[in-house]
Amino acid sequence: MKTAEDWEWLAASSEYLAAIAIQELLQEQKLMEAGAGLAVLIESMGKSKKLALKSQLTRLMMHVIKWKYQPEKRSGSWSISIRSARQEIADIQDEVPSLNRNFIDSIWEQCFQRAIKDAEDEMGKKCSLISLSWQDVFEEEYTLFDDN
């Protein structure tokens, strides 16, 4: 019988292998143990999606900061990175609806501070930006195309 620590280790090591172990327990009709494993697996998956969303939000903010601070260095790859990070965040939210705007608001400042540091390192200069708005990050168009 697996302990809670065993399940936590297995879920952290491989969510797939944890799911297989749970499936085997269900086939053996060991419902209590399977339920315990499933609870740990669900928690682990939620944590990994939260970390992924934080990472994508930080990456998105960093590219928005660089776009604003270095207009002479704007590139198609920055535009693609912004669009890609937005899509990754949307995909995560489709999978885990609880990682909604309220969750993003709760991690906004932490991700912004990380993004500032990352952008400064990449740009090789300090950034005096004190905030980014939701519109800056999620709604503004960042493209090299001039539609005029």
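In this predicted model, Trp 7, Leu 10, Ala 11 and Ser 13 of helix α1 meet Glu 15, Leu 17, Ala 18, Ala 21, Ile 22 and Leu 25 of helix α2, where contact means heavy atoms within 4.5 Å. By class, this contact of α1 with α2 brings together eight nonpolar residues, one polar and one charged (Ala, Val, Leu, Ile, Met, Phe, Trp, Tyr, Cys and Pro count as nonpolar, Asp, Glu, Lys and Arg as charged, and the others, Gly among them, as polar). Helix α1 spans residues 4-13 and α2 residues 15-27, and the two pack at an angle of about 130 degrees with their axes 5 Å apart. That makes α1 oblique to α2.

Residues are numbered from 1 along each chain as its sequence is written. As the model is predicted, local features need pLDDT of at least 70 and side-chain atom pairs count only at pLDDT 80 or more, while totals for chains, interfaces and linings use all residues; side-chain values use heavy atoms, leaving out hydrogens and water.

Turning to the whole fold, the protein chain has six helices and zero strands (DSSP runs of H or I with at least four residues, or of E with at least two, numbered from the N terminus). The radius of gyration, taken over C-alpha atoms, is 20 Å, well over the 15 Å that the globule rule gives for 148 residues, so the chain is more spread out than a compact globule (the rule is 2.2 Å times the number of residues to the power 0.38). Along the principal axes, the C-alpha atoms fill a box of roughly 65 × 30 × 25 Å.

Key: Axes fitted to C-alpha atoms, helices over the stretch in contact; angles between N-to-C directions. Parallel < 35°, antiparallel > 145°, perpendicular 65-115°, else oblique.
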